[in-house]
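Visitor: I would like to learn how to read a structure like this one. Please take me through it feature by feature.

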Amino acid sequence: MAIKRGMKRGLPRMKPTKRCQHPEIDYKDLEYLRKHISAQGQIVSRRKTALCSRCQRNLKRAIKRARYLALVPHVG
Ligand SMILES: [Zn+2]
């Protein structure tokens, strides 16, 4: 058996109640991007961001774009 990681289970997740409007995520919006990047510079998973698949994909694209322009830190 693998040793359990420090992830706490049963935490209330921030699930949006209304339908998502899929807002455009701007790669220049560093305040927003930083909120979805961990301390190690990784993109925060959908489990934690509670974004829909489309928004998470847009976020991923925005973060990768921002990384290329060295606006947010790289990992690895
Ligand atoms: Zn969405």
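Visitor: What arrangement do the four donor atoms around the zinc ion make?

Guide: Ideal angles at a metal are 109.5 degrees for four tetrahedral donors. Here the arrangement is tetrahedral, because the four donor atoms around the zinc ion subtend angles of 101 to 124 degrees. Four donors count as tetrahedral if all angles lie between 85 and 135 degrees. Keep in mind that this is a predicted model, where local features need pLDDT of at least 70 and side-chain atom pairs count only at pLDDT 80 or more, while totals for chains, interfaces and linings use all residues. Residues are numbered from 1 along each chain as its sequence is written, and side-chain values use heavy atoms, with hydrogens and water left out.

Visitor: Which residues are the protein donors of the zinc ion?

Guide: A donor is an N, O or S atom within 2.8 Å of the metal (3.2 Å for Na, K and Ca); water is not among the atoms, so sites may look incomplete. In this model the protein donors are Cys20 (SG), His22 (ND1), Cys52 (SG) and Cys55 (SG), at 2.2 to 2.3 Å from the zinc ion. Their spacing in sequence is C-x1-H-x29-C-x2-C. Cysteine 20, in the segment before α1 (30–35), and cysteine 52, in the loop between α2 (46–49) and α3, are 32 residues apart, and this pair links distant parts of the chain.

Visitor: Are cysteine 20 and cysteine 52 buried, exposed or partly exposed?

Guide: Buried means under 20% relative accessible area and exposed over 50%, with partly exposed in between (1.4 Å probe, protein chains only). Cysteine 20 counts as partly exposed because its relative accessibility is 37%. Cysteine 52 is partly exposed as well, at 24%. Histidine 22, in the segment before α1, is partly exposed at 28%.

Visitor: What is the phi of histidine 22?

Guide: Most residues other than glycine have a negative phi. Histidine 22 has a positive value, near 50 degrees. Alanine 70 also has a positive phi, about 60 degrees, although it is not a glycine. Alanine 70 lies in the segment after α3 and counts as exposed, at 64% relative accessibility.

Visitor: How many helices and strands are there in the protein?

Guide: Helices (H or I, at least four residues) and strands (E, at least two) are DSSP runs, numbered from the N terminus. This protein has three helices and zero strands. From the N terminus on, the order of elements is α-α-α.

Visitor: Which residues make up the largest nonpolar core?

Guide: A nonpolar core is a set of buried Ala, Val, Leu, Ile, Met, Phe, Trp, Tyr and Cys residues joined through side-chain atoms within 4.5 Å. The largest one here has ten residues: Ile25, Leu33, Ile37, Leu51, Cys55, Leu59, Ala62, Ile63, Ala66 and Val72. Helix α3 (residues 53–68) gives the largest share of this core, five residues. Of the 76 residues of the protein, 24% count as buried.

Visitor: What does isoleucine 63 touch?

Guide: Contact means heavy atoms within 4.5 Å. Leaving out residues up to four places away in sequence, isoleucine 63 touches Leu33, His36, Ile37, Ile43 and Val72. Histidine 36 sits in the loop between α1 and α2 and counts as buried, at 12% relative accessibility. The C-alpha atoms of histidine 36 and isoleucine 63 are separated by 8.8 Å, with the two residues 27 apart along the chain. With the same exclusion of residues up to four places away, the contacts of histidine 36 include Gln42, Thr49 and Leu59.

Visitor: And where is isoleucine 43?

Guide: Isoleucine 43 is in the loop between α1 and α2. At 26% relative accessibility, isoleucine 43 counts as partly exposed. Beyond its neighbours within four places in sequence, isoleucine 43 is in contact with His36, Gln56, Lys60, Ile63 and Arg67.

Visitor: What lies over the face of tyrosine 27?

Guide: A charge sits over a ring if NZ of Lys or CZ of Arg is within 6 Å of the ring centre and within 35 degrees of the ring normal. In this model lysine 28 lies over the face of tyrosine 27, at 5.4 Å from the ring centre.

How values were computed:
Four donors count as tetrahedral if all angles lie between 85 and 135 degrees; four count as square planar and six as octahedral if opposite donors are over 155 degrees apart and all others between 65 and 115; anything else is irregular.
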